[in-house]
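Please look over the sequence and the structure before reading on.

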Amino acid sequence: MFRFCGAVAAGVFVALSGPMPAFSAEPVGQATLIRTEVSGETGPLVVRSPVHRDERIKTSSSGLGQFIFKDGTKLAVGAGSTVVIDKFVYDDSASVKRLSIKAAKGTFRWISGNSASSAYSIVTPAGTIGVRGTAFDFYVGPNGTTAIVLLSGAASFCGPGGCRQLRQQCDCVVATRGGRMTDPSKVDRRTLQTLSNPRALPFLSGDQQLSGVLGGIRTSCGLASLRQDRQDRPQPQRQQQPAPQAPAPAPPPPAPQPTPQAPQAPEPQQQPPDTPDPPDKPDKPDHHHHHHHDRDHHGRDHDDRDHRGRGGDDDDRDRGGRYGSGGGRSGNY
């Protein structure tokens with residue numbers, strides 16, 4: 001008895017402490033396409049990953065997910081989006097009594113499945129989209145502003161400011177969280193300006209490409225050229241900051257310049273003094289003749305000429321090479 005009780009207690013303990021399913025809600029659909037990063041309650045989703053009732057699905061800033069529910073309803077979730085599978089009530093194997101989703105923010109495309117139109121509803125911060133067997137795109141901005149663009153069928157949008165009916169292809173209604181709502185009019189570039197987001201409707205502009213039935217809708221409501229315009233537009237060039245450079249070495253100090261001096265008068269060029277001729281060897285005393293030529297104080301005969309070939313007027317020249325007043329030259333050259 002005690003052994004049986006112990007075994008039951010051990011089994012209960014193992015059941016309680018063992019690994020539990022990460023998400024126990026019933027699956028209501030699956031992923032058919034995943035690009036970049038899309039996550040659910042249990043982590044990243046891949047193709048054929050199940051999606052569950054009450055599950056929150058999020059995409060990255062470049063992510064894209066396509067999903068199909070059990071009744072054939074198809075939902076595309078664009079980049080930077082968050083949506084919760086709010087209610088899913090079965091009717092039979094081919095339809096549901098109720099399918100409701102809450103779109104918190106981002107971009108979406110919806111194509112109704114096999115269930116009655118009254119079974120579907122999409123809740124946004126600005127109001128509720130009513131489906132009438134329909135395909136449409138819708139956008140929820142960060143401030144809750146919501147835009148819906150009808151692609152086929154019919155739809156309604158109801159908020160605090162009343163209800164608007166969309167009946168023509170490319171009809172668009174924009175509503176704010178505070179209750180303001182536009183009348184239906186054809187979507188155009190001004191719609192994106194109103195939403196302050198040129199990529200608010202990426203499946204129409206071509207910024208994100210869908211596949212299968214979701215990507216098979218032929219109309220772009222005139223927005224397909226927006227992406228091409230952005231690509232053709234020249235991008236402003238960023239001014240590159242110059243890389244920091246090492247400071248240039250300081251230039252060497254200038255060499256000291258000599259102090260300018262007043263020009264001096266050129267010194268008079270002086271004629272080099274005449275080199276005196278070597279004295280003549282004295283004649284041997286002539287014992288027979290007692291007279292001789294008179295010599296000057298340089299030892300030269302008055303009759304001799306210097307090496308310049310001048311005559312006897314050299315008597316007036318002094319040792320410095322200057323002439324007296326009788327020599328015919330001034331004191332300096």
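**Basis**

This is a predicted model, in which local features need pLDDT of at least 70 and side-chain atom pairs count only at pLDDT 80 or more, while totals for chains, interfaces and linings use all residues. Residues are numbered from 1 along each chain as its sequence is written, and side-chain values use heavy atoms, with hydrogens and water left out.

**The chain**

The chain has four helices and 17 strands. Helices (H or I, at least four residues) and strands (E, at least two) are DSSP runs, numbered from the N terminus. Of the 333 residues, 35% count as buried. Buried means under 20% relative accessible area, exposed means over 50%, and partly exposed lies in between (1.4 Å probe, protein chains only).

The accessible surface comes to about 21700 Å². Carbon and sulfur atoms hold 52% of that surface. Areas come from the Shrake-Rupley method with a 1.4 Å probe; for residues, only the protein chains shown count as cover. Contacts (heavy atoms within 4.5 Å) also reach along the chain. Among those between residues at least 6 apart in sequence, 44% join residues at least 24 apart.

**Disulfides**

How many disulfides does a search of the whole structure find? The search finds two. A disulfide is a pair of cysteine sulfur atoms within 2.5 Å. With the bonded cysteines numbered in sequence order, the pairing is 1-2, 3-4.

Cys158 is partly exposed at 28% relative accessibility. Cys163 is also partly exposed, at 43%.

Cys170 and Cys221 form a disulfide with sulfur atoms 2.1 Å apart. The link of Cys170 and Cys221 is left-handed, with -90° about the S-S bond. This pair links distant parts of the chain, 51 residues apart. Cys170 sits in the loop between strand 15 (162-166) and strand 16 (171-175). Cys221 sits in the loop between helix 3 (202-205) and helix 4 (224-232). Cys170 is buried at 4% relative accessibility, and Cys221 is buried at 4%.

Cys172 is buried, with a relative accessible area of 4%.

**Salt bridges**

Side chains of opposite charge can pair when their charged atoms come close. The structure holds five salt bridges. A salt bridge is a side-chain nitrogen of Lys or Arg within 4 Å of a carboxyl oxygen of Asp or Glu. Among them are these:

| Pair | N to O distance |
|---|---|
| Arg53 and Asp54 | 3.3 Å |
| Arg109 and Asp137 | 2.6 Å |
| Arg164 and Asp183 | 3.2 Å |

Arg53 is partly exposed, with a relative accessible area of 32%. Asp54 is partly exposed at 39%.

The side chains of Arg109 and Asp137 meet in a salt bridge. The pair links distant parts of the chain, 28 residues apart: Arg109 in strand 9 (residues 95-111), Asp137 in strand 12 (residues 135-140). Both Arg109 and Asp137 are buried.

Arg164 and Asp183 also meet in a salt bridge. They are 19 residues apart, with Arg164 in strand 15 and Asp183 in the loop between strand 16 and strand 17 (185-186). Asp183 counts as exposed, at 54% relative accessibility.
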